Amino acid sequence: MDNPVTHAAGFFGDNSVESTKMLGRSLGNRLLTGLCIALSFAAMIPLASILYLVVKNGLPLLGWSIFTQLPPAAGMTGGGFGNAVIGTLIMVGLGLAISAPLAILAALYICEYEPHGRLATAVRFTAKMLTGIPSIICGVFAFVAVVLVTGKFSAWAGGVALAVLMLPTILLTSEQALLGVQRAYREASYGLGATRFQTIFRVVLPEAVPAIMTGVMLAVARAAGETAPLVFTALFSQFWMSSLMEPTASLSVLIYNFSTMPFEHQVKMAWSASLVLVLLVTATNITAQLVFSKKH
Amino acid sequence: MTDTMTAAPRPAAVAPIAPAEAPDRRTIISVRDFNFFYGNKQALEEIKIDIPEKQVTAFIGPSGCGKTTLLRNFNRMNELIDGVRHTGDITLAGRSLWDPALEVITLRRLVGMVFQKSNPFAKSIYENIVYGLRIAGVRDRATLDETVERSLRGAALWDEAKDRLHESALGLSGGQMQRLCIARAIAVRPKVLLMDEPCSALDPIATARVEQLIGELKKDFTIVIVTHNMQQATRCSDQTGFFYLGRLIEFGPTGKIFSNPSEQRTQDYVTGRFG
């Protein structure tokens, strides 16, 4: 009878070349895994430290009064930036209301109707170009298209500037979302006698909504933090807004203005406004995810 | 499973190519001089075949032989692909599929399809089945409820699904999903049911259930099934067509194709010498 120990040794191979090779491969595997983990932590450092700074400096002034009061005059203390919170919400909302339908319908066209057509190619190309354009150009565009035409700095002008900024992001992520919908769903729908319109609106779009929402949230997060498109479209205001056709305060412009002031209180307020902005974006993001992923 | 096999009526094997004029069965789909191209690549060559009504017709042949392409022409599903064209004609109950008066959406309601990979929508079981009715504008709750029960019973899924009609269809097992897709296809009461390798992703037990179902469904529907599994063709079909390199090599009663084919290539394929 075979000795079970030698049998096992022979089975797994005492060939030295083979075992060194195996050792080398498993060592390489461990090294790379370790490297990935280390780099992930490294990537966390700038993100976490910014967040830490914003929370640490923003927290002291954070209170209810910040949302209910108007910004203090230069050198004064107290007050809040309720008008800027509302202004940001309204202008991002306007931008979204303008850009999201346009971008999603355009994505549907270039993805479902004529993916290889000339128009689709042109739209795709333009959208990719637009993602690389500095945000201040969106502001210049809205300045010329809205401010000069209406003769007023306004929330509308700010909304249009943000819409131009959001459009390509939403369009391109929506296209990817639609491409991600399995062909099998489309075939099942067409196979039951559905028209293209029915297939798109009953099967493809609902399936793509969670991924489209990710793109929309990315765009919202970016737009909410942008200063450049707003400085010469919506300008700023010390007062509560009463119409969409007047200069409007926004968190990003407030941060920009206050952080460069030589007064300690204003600088602290800029930090608080940054914290509020981060919280607003996070809150909308979480809400959107909860609402749109529930169905699946 | 064996029940269906023995119970399946086998028409007396006489002619090597099935004649359309046999008195005991009528032709529902007739293909004449049909050529089909993906771009410049010809996928089907001079196909001529008559599919008998309310029987199970199986298409067999090695991968790339054109059997699925022909099947997907029966409901014009191939036209979702860019750059396809055809010559010749296919008729359904005597009427050309490309008759301008026959809308493609009508055709697809008459000729339903079950796909290789089960593809239920990410909706409830109930909504999956009534999809075909909803897109046709049916709103009446009683009609919808009744269709759901009829279709699920028809697809032998009622007992397993009746208590979870409003749960997501994606919670079903693989075999149940495929039967749900069959239920969804028969919900719109088609005349013909096309099945593209419906069991290729199923385990043997689920396969047996679907095959048994096919035997029951042929009472009401004409079934055309593409399969890679030759045992499956012998178990559940009445007629078999053997395709090779885009041509229909031989078509006839299943028993004859598998036991005494007229063509050497059919013989070689069914005995496993190639393919």
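The legends below describe close-up views of a predicted model.

Local features require pLDDT of at least 70 and side-chain atom pairs count only at pLDDT 80 or more, whereas totals for chains, interfaces and linings use all residues. Residues are numbered from 1 along each chain as its sequence is written, with chains lettered from A and ligands numbered from 1 in the order in which they are written.

**View 1. Overall form of chain A.** Chain A comprises twelve helices and zero strands (DSSP runs numbered from the N terminus: helices are H or I with at least four residues, strands are E with at least two). Its radius of gyration, taken over C-alpha atoms, is 27 Å, well over the 19 Å that the globule rule (2.2 Å times the number of residues to the power 0.38) gives for 296 residues, so chain A is more spread out than a compact globule. The C-alpha atoms of chain A fill a box of roughly 95 × 60 × 35 Å along the principal axes.

View 2. Within α8 (residues 183-191), the buried residues are R186(A), A188(A), S189(A), Y190(A) and G191(A) (buried: 20 or more other C-beta atoms, placed from the backbone, within 10 Å of the residue's own). Their cover includes α9 (196-225) of chain A, together with α3 (104-110) and β6 (111-114) of chain B. After α8(A) comes G193(A), with a positive phi near 90°.

**View 3. The open sheet of chain B.** Four strands of chain B are ordered β2-β1-β4-β5 with antiparallel pairing (strands pair if DSSP finds at least two bridges between them). The edge strands are β2 (41-52) and β5 (95-96) of chain B, each pairing on one side only. Eight antiparallel bridges join β1 (residues 27-38) and β4 (residues 84-92) of chain B, and S30(B) has T91(B) in β4(B) as its bridge partner.

Methods:
Buried ≥ 20, exposed ≤ 12 C-beta atoms within 10 Å, placed from the backbone. Contact = placed C-beta atoms within 7 Å.
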